[in-house]
Amino acid sequence: MRPLLLIAGALLVPVVPFLLLGESFEEQVAAWVRQEWSPQTQFGLIVAALSTDILLPIPSSAVSTYAGGVLGFASGTLASWVGMTAGACLGYGLARLAGRPLAARFAGEKDLTRVQELARRYGATALVLTRPLPILAEACVLLMGVVRLRWSLFLVAVMLSNLAVSATYAAFGQWFEASDSLPVALGISLIVPLIFTWLVRRHLRADVAVSDS
């Protein structure tokens, strides 16, 4: 029941304020999303936010969706891709230098162990498999730094998978922006990846328990 309650609570987070505060709050959110920043400023802010995703709890899926909504598909994809790739390289480099203690501090020992099970099965392909998954994506990047995966192999896997993820979210954001529903897209892109992450973590936790027994 606890995981179900957590998911239900997460789903209610973006809904409750609209129910309690009414249309005025919805209008304020819509106005914030559509602030009159220049495209160059928006591009830079998106890249900066995603570049720190490996160290801070930045919802990269929502930021990438926002990028597609405000910048369009091409520019939104580029901003998301540059930011996500820069953040991944930063995390990989730090973990490669500082080792597992630093990686465990940012990602958590349990998530590192779960991702290690994926890496044991799939090798560098684990980077591609976890890219759309919050928390696990960062944990996998840090783990690859800890085990000192070759830079060239790391970059190929991360750059190609980031491009696919960025293009998907940017297209999603542009499509919803065209129907004047970008705030809805942001909520969906925030919640759905978290649900998938919870399911994958649960599956990996069971696999780790079996391998340890």
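Predicted model: local features only at pLDDT ≥ 70, side-chain atom pairs only at ≥ 80, totals over all residues.
Residues are numbered from 1 along each chain as its sequence is written, and side-chain values use heavy atoms, with hydrogens and water left out.

**Whole chain.** Start with a cartoon view: you'll see 12 helices and zero strands. Helices here are DSSP runs of H or I with at least four residues, strands are E runs of at least two, and numbering goes from the N terminus. Colour by burial next: 40% of the 213 residues are buried (under 20% relative accessible area with a 1.4 Å probe, protein chains only; exposed is over 50%, partly exposed in between).

**Select 60-71.** This is helix H5. Of its 12 residues, 11 are buried, so H5 is largely enclosed by the rest of the structure. Among the buried ones are Ser-60, Val-63, Tyr-66 and Leu-71. Step just past the end of H5 to Gly-72, which has a positive phi of about 90°.

Now H6 joins the view, and its axis comes within 7 Å of that of H5, crossing at roughly 150°. That makes the two roughly antiparallel (over 145 degrees; under 35 is roughly parallel, 65 to 115 roughly perpendicular, the rest oblique). Axes are lines fitted to C-alpha atoms, for helices over the stretch in contact, with angles from 0 to 180 degrees between N-to-C directions.

Show side chains for Ser-64, Ala-67, Gly-68 and Leu-71 on H5, and for Phe-73, Ser-75, Gly-76, Ala-79, Ser-80 and Met-84 on H6: these make the contact (heavy atoms within 4.5 Å). The tally is five nonpolar, five polar and no charged, with Ala, Val, Leu, Ile, Met, Phe, Trp, Tyr, Cys and Pro counted as nonpolar, Asp, Glu, Lys and Arg as charged, and the others, Gly among them, as polar.

Follow H6 to its end and pick Gly-99, where phi is positive again, near 85°.

Arg-148 sits in the loop between H10 (136-146) and H11 (151-178). Its phi is near 60°, positive in a residue other than glycine.

Last stop: Asp-180, in the loop between H11 and H12 (182-212). Asp-180 is not a glycine either, yet has a positive phi of about 60°. At 57% relative accessibility, Asp-180 counts as exposed.
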